[in-house]
Each structure stands twice: as structure tokens, then as C-alpha cells.
Amino acid sequence: MLDYAEPVTKLIDELQKMPGVGAKSAQRLAFHILRAEREETDRLIEAIQEVKDKIIFCSTCNNITDVDPCRYCTSPGRDRRAILIVEEPYNLVTIEKTREYRGLYHVLHGALSPIRGIGPDQLKIKNLFERLRVEEVEEIILATNPNTEGEATANYLTKLLKPLGMRITRIAMGVPVGSDLEYADEVTMHKALTNRIEL
Amino acid sequence: MLLTRIEASGFRNLEGFAQFGSGLNIFYGDNAQGKTNWLEAIYILGNTKSFRTSQLRECIAFDQQQAVLRGETLRGSTTKQIQLLIAEDSKQLFINGKREALTRYLGNLDVFAFSLEEMDVIRGEPGQRRRFIDRGAVAVSPRFLNTLSRYNQVIKQKNRLLGEASQSDNPAQYISQVEAWNEQLVELGAAIHDQRASYVERMNQVLDQNDHGRAIFGAERITVRYRSQLEGKGDLDNYADLFGERLALRLTAEIAAGHSLIGPHRDDLEIMSDGREVSRYGSAGQQRSALLLLDLAQVSIYNSIYEESPVLLIDDIDAELDRGRIEALLSELEGRAQTFVSTSRRAIANRYRDRAQTHRVERGQAVRETGSYDGVFVGAGFDNDAIDQADDGSMSKPTAG
């Protein structure tokens, strides 16, 4: 026999498929939905449907968008001479929030990871080269994550891009702001020292 | 640093808690009662790893979901509660009730252990010796753990990639991917090589100065040497460049082999007694002495860096050492490190009763005995006041005899 009536069990099962949601959280969410006003749950259903119906990937930069090409790619206010490469759309949002960068983006949708079966073919690298053929790009900024997979991806892309002759830069890496030097490991500290800046 | 108290629940067969003195602490009792389990609990509480198993979940008691170790440490006049929770496939660390990351947790209770299992450092695979150096190096520089774990991640990724490449019809297409991982390997590998080499160098200095230790354990001069796989291939003082060159040179060989062939994960430590390899030429007794001297050297290095003592565990002390060596060792450690030993011999517990805290272990419970000659128990380990009164601090001090 099931612990709950079948529709409830089904909902819990579905919720549990979400990342970061375990059995207990799934149960809590299910009961929240169960007790919520009809209106509220309808809005949730609608939001989910809308995302699935309307959100597509930009054919130029692979960012998520509701128009193709996306607003970043078509905005006249952006500097078309620079492309900043990130792993995920939410990395783009993080950078955009700083309002420091006014160039274009390219989203890879992942990073190299042989263990998880992700090679160059699983990443959106091909259409980056198509872009570089038609657009006059002067600088590529590699903003993949500062972990082993992001580093490998940046190293790999550098090898492919170097022969094209544009400027290739990597976001600075080293001691995190607001942290303590004590907690930086040798390699991070080494990076922070080699990439130190003149004041 | 001192461990003043430990409490275990759901951990192997242990039950209740035990309180400790600042000097020598002895667990004694019959076999299979839990003596080594108490030592292991102390080791895991400090290092978050076991000296007996690589699978922490094996420590969870048969009928339990999780094991919890709770300890109280004393440093100067500061006490800290540290806690480690072991679940089926995770562990959680707490300091003063607050969850903490591994790098912040480590260093609150540094524990070195001498046990039968550790003899693999002498006799076993090179990996055992690399881990021995790494444990010592991490204790004096906890952030080194980060470098090690990132290196291991990169090696895993690279091995997977090389495995794929070796099976492929067109292995050449993998070259630039392998190179992308190699770049990180060079950086991390150089950090590991340099850290290990300088730790081993330091160890040699300590071994060289330890005339006292030599006097105890016989006349042999123990020396160690970090043996890089790249020895004889170029300038090891500039490891990063050398490693990079070798990786480039061996790229196709690595692709053909399907796994990585070079790097500090292939290095070794040479342990010599009067210039001869202990693993090959030493008797069992010489091997034990050598290992003990290495352990003591680690304690010394730790001492010289932190100006305080780590905790030292010696499992089954009478199986490892004869009476004279036990006596010499324990007086050598007097005042240098809080020491925990286990023994099945009541005679040993009796002999040191006047300067040690002895805990009789029976069915997982550690029952503390007083230092008094009549051997009357003070409660069953639950009567805090009685224990505090009995502990006038004199037990940890040496007395004649």
C-alpha cells in the first residue's frame, strides 16, 4: 500500500527529481501545494508551462531568451568587440549584475568533464567559431568557473582560440575578497601573487 | 592541544564517554572489548579519517543509522566542542555546535597514530608512504589538503579522458583536451612536489638531531629521502618546468596507455636505516623502530611549527614494542604530547598507574580508574564530580619508578 493517496505520492516523486530536493523536502513542498489556494497553484502551473513554451536558447550566444536572437545580442548599446564566455546562463546574470561589463556573451552550457561524459562536442563551442568568422571580435574573456573543470575548459578554449589572433583574457583568480589569506591554498596564493597588480 | 573528553554514540561498539589527563592515558582490557575503537574514535574526531578503514561508514554500529563523536579540546585556556557525524554516505563537522567546512575543522585536534596498520608505511605500496608524508604536511599546513584534492580531481578526469582516447579510432583528436588538463596538473603537481620535498627535508633534520631517540632504539641512523619519479630526468628544483616538459614528451605514450603515467602520484619515500632500505633489509623490530622514529619526527615537526603538542596514539603497545622500548618511548614522550596507548596487558596498566590515567575497557565502555594504588574504581564513568576530585593533576606528572 502507498503511504499517501496516489496523486500525492506522484507529486512527491516528481518534486524529488528536482536538484537539491530530498524525500523530506519533497513531502513538505507537496503538502504546501496541497494546502495552497487554487489560484496560487494555477499560477505555478502557468509559470512552468510558460517557461517551457516560450523560453528558447539564443541561436547566437546560447543564452536563455524569449526572442531569438536575444536582447544582449541585438542591443545597440553593447560593445560588439568583446565576447565574455561563461558556463551557465546564471553565470551571465551574475556578471551582468555588476554593470561593469558592456560587451557580448557566449554561454557554453557546461564545462569539460570526462567523468560526467562532457567533452567539447557536448558544449556550445561550434557556434562560437561561427560568430568569430562573421563578427569583428577583438577580445575574448574567459569567465568559466575557477574549479578544475572550468580551468580545463578555459585552457582548452585558449588553445583553440589563440591561432585566431584576438586578445584572450581570463578573469583574475586568487584570494577572494572578504576572506582571509590563511584559507588560501598554495596554488590559489601562487596565482594571486603572479597576477598581482601595481598600485 | 589536549583532548579532555570524548563521547561516542552509534560508533562501533562504544558507549558513553571518557575523560582524559594531559599526559599518558592507557586503555587496557581483554581483546575485542573496544580498546582500539576508542583510539580510532579519537583519531577520526581529529582527522576525520580512520587509520583502519577508508570507509568511514564501517564505523557506524550495526543497528544504527549514524555515528556521532563529540569531543572537548583544550588549548591554552580555550575549550572547544568539536563534533563529527558519520552517516551512510556523508560526514558532517561541527565546531561549538556550528557546522564547519573541512579546512576549518582540521587543525583543532591533530592526531598522529602508530599502529599495526601503519606498518604498511614501511612494507606496503608507495601510496602508503605518500599518504604518510601528506598527513604530516597537511597537519602543519591544512590548506595543502586543497591542493591534493584538486590534483586528484584532475588526475581522475585526465585518466577518464585518456581511457576514452585509447579506445578511439582517432586518438589524435584528444590531444588538445589532454593538454588542457595537463596545464593544471603542472601547477598543482609542482605545489605537491615542493611541499612534500620540503617536509621530508625537515623530517631528515629532525631525525638527524634526535640522538636521544637513536639511543633508545638502537644505533641505527634513520634517514628519509623523497624520491620523485622524475629523478634523473632534469632539474627537480624547477619541478614545474620539468613536469611540463615530461608531460609533453610522454603525451602519446599516455594516450596509448589509457591512463596517466607521470606525476607526483607516482613518487615514493625512501626510508633508510644506516643507509640501507629498511623495508628490504630491516628486521621486523628495526622496521617498527624506524616507523616509530618517523612518527616521533612528525610530532617534533608539528611541535616546532605550532609550539604545542599534537595527540599521539599507540595501538597495542606491547605487540609493537618490548618492555625496555616501551619504557624509553613513554619517557621520551613525557611532557611532549598527550599520548593514548592501548594494551591487553594489565601489568602495563599497573606499571604506569602512578603517572597515567588508566581506562579499563569492557564491552565498549571505558571506565576510568583512579591513580591510587588500591585500584578502586571511581564510579562507572558517569560520576563527573568524583572524577574531577580524583584528578588532582598529579597523575600526568612523572614520578620515580
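This is a predicted model: local features need pLDDT of at least 70, side-chain atom pairs count only at pLDDT 80 or more; totals for chains, interfaces and linings use all residues.
Residues are numbered from 1 along each chain as its sequence is written, chains are lettered from A in the order in which they are written, and side-chain values use heavy atoms, with hydrogens and water left out.

Chain B has 15 helices and 15 strands, taken as DSSP runs numbered from the N terminus (helices H or I of at least four residues, strands E of at least two). Of its 401 residues, 55% count as buried, that is, under 20% relative accessible area with a 1.4 Å probe and protein chains only, where exposed means over 50% and partly exposed lies in between. Among contacts (heavy atoms within 4.5 Å) in chain B with a separation of 6 or more, 68% join residues 24 or more positions apart.

Two packed helices are described by the angle between their axes and the distance between the axes. Within chain B, α4 (residues 126-140) packs on α6 at an angle of about 90°, with the axes 10 Å apart; axes are lines fitted to C-alpha atoms, for helices over the stretch in contact, and angles run from 0 to 180 degrees between N-to-C directions. The two helices are therefore roughly perpendicular, the term for 65 to 115 degrees, whereas under 35 is roughly parallel, over 145 roughly antiparallel and the rest oblique.

In helix α8 (residues 186-194) of chain A, A:Val187, A:Thr188 and A:Lys191 are buried. Their directions fall within an arc of 100° seen down the axis, so they line one face of the helix, the arc being that of the directions from the helix axis to the C-beta atoms. The cover over these residues includes α7 of chain A together with α5 (144-167) and α6 of chain B.

Finally, B:Gly234 lies in the loop between β9 (222-227) and α8 (239-249) of chain B, and its 42% relative accessibility is why B:Gly234 counts as partly exposed.
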